[in-house]
Amino acid sequence: MSREDDEIQVLGEKTTSRKKIKKLCFLITIILIILCSAGYLIWNKRILNNTHLKNIPETQIQVMHHPDSVHNCLIDITADTINDVPLTIFKLTGAYAQLTIGLPDTTDQQIVLALPAADVRKDKLNILGDFIINGKRLGSGKRKEGCVLINQGALWLGLDQTDESCDYCNLHQASMFRQYPLVINGQVYSNKLKGKSLRRAIAKQKNNEDIYIVTSNQRESLHDFSEALADHGFSNAIYLPGGDAFGFYHKNGQIHYIGSSMDYIYPNSSFIIFK
Amino acid sequence: MEQTIIISNINELVRIKAERIVYIISDGNYSTLTLHDRSEHVCTFNLSRMQKILETQLQKEASQFIRIGKSLIINKNYIYKINLSKQTLTLSDIKICGSFTLSASKEALKQLKNYLESDIEL
């Protein structure tokens, strides 16, 4: 028997039958779903827009540019443990960022810190993801949504799933590479990468021009690492190749290695360096 | 005041006192009114139309009728017995010669039983 067969109704009385209630509930549910979806889309759009290039005034990048910063970059190293994740935090003040191809000169004292940037495919040895140096495109792909954009030494970290950052680089002769986003607008960005490893990230805080390089002292999952970064107060953080990948910094005239493995150094290997 | 309902079509008009109707059963586009003297009157309305006629013409008095499911309207004044396990509804009264036993869904009968029980509480 159908639902209607299970109902009674006293004639002349306005009754809300079960079917009507069901219809009403269904309609309310549909309306709620539509409202929630619209709300989520608007909210999501706002989140994306906040990290999007079009909302970053060009002047903001130019303001961050320090022409004489080559001689003024300061490095400050601290250790902290967030949520049982021990971190080493390299704070770079007045840094002039640069993207390069090939191993940087370790004897160049002007280089305060250098770390691998984009990933390189082991078989074909090509750079993974959009990769542009001074407006010249050397790699393409948008699978990694995190974007590190460098314009005249100034750095922008964020999320860009479009060609906007590439167009920006072409227009301004800027540089960029793509990696996994870890923290966007203070929120952990979920990544599907599994497993534990020594992690590295480049991060920034809101309304703070300092650049932070953060490394985990233990093997961590990407999620735990991202959570630690967000809890530490970084507004945006992008993944950098971790493990024992070659990287170094200079402090007090001495070179210190963050990683020493040359296993994955290819002719196409890229580095982000800070002077 | 005794209320009457008038059912008319192109060919005929039937005038029946509401209290005479024991139940109305429908078979698609036809509804059969069974009266207390076991006489039947078939009209070419479906049950929803029949329900509207009762509600329009009887107004408040229409509440003596209860629709059960899609195909049955009963006069509650004639309800004699509800048997949930057998899923039967017996309509009987001193005016009726014998009784009418109808079948309905268990859930509908349960609701009817609850409805009548709530009348006692009032």
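Modeller: Let's start with one residue: Ile8(A) sits opposite Ile68(B), which belongs to strand 6 of chain B. Before going on, bear in mind that this is a predicted model, where local features need pLDDT of at least 70, side-chain atom pairs count only at pLDDT 80 or more, and totals for chains, interfaces and linings use all residues. Residues are numbered from 1 along each chain as its sequence is written, while chains are lettered from A and ligands numbered from 1 in the order in which they are written.

Back to the strands. Strand 1 of chain A (residues 8-10) pairs with strand 6 of chain B (residues 65-68), in the antiparallel sense and over 3 bridges. Strands here are DSSP runs of E, at least two residues long, numbered from the N terminus, and two of them pair if DSSP finds at least two bridges between them.

Now for the wider interface. On the chain A side, 11 residues are in contact with 19 residues of chain B; contact means that the C-beta atoms of two residues, placed from the backbone, lie within 7 Å. The side of chain A that touches chain B splits into 4 nonpolar, 2 polar and 5 charged residues.

How values were computed. Ala, Val, Leu, Ile, Met, Phe, Trp, Tyr, Cys and Pro count as nonpolar, Asp, Glu, Lys and Arg as charged, and the others, Gly among them, as polar. Helices (H or I, at least four residues) and strands (E, at least two) are DSSP runs, numbered from the N terminus.
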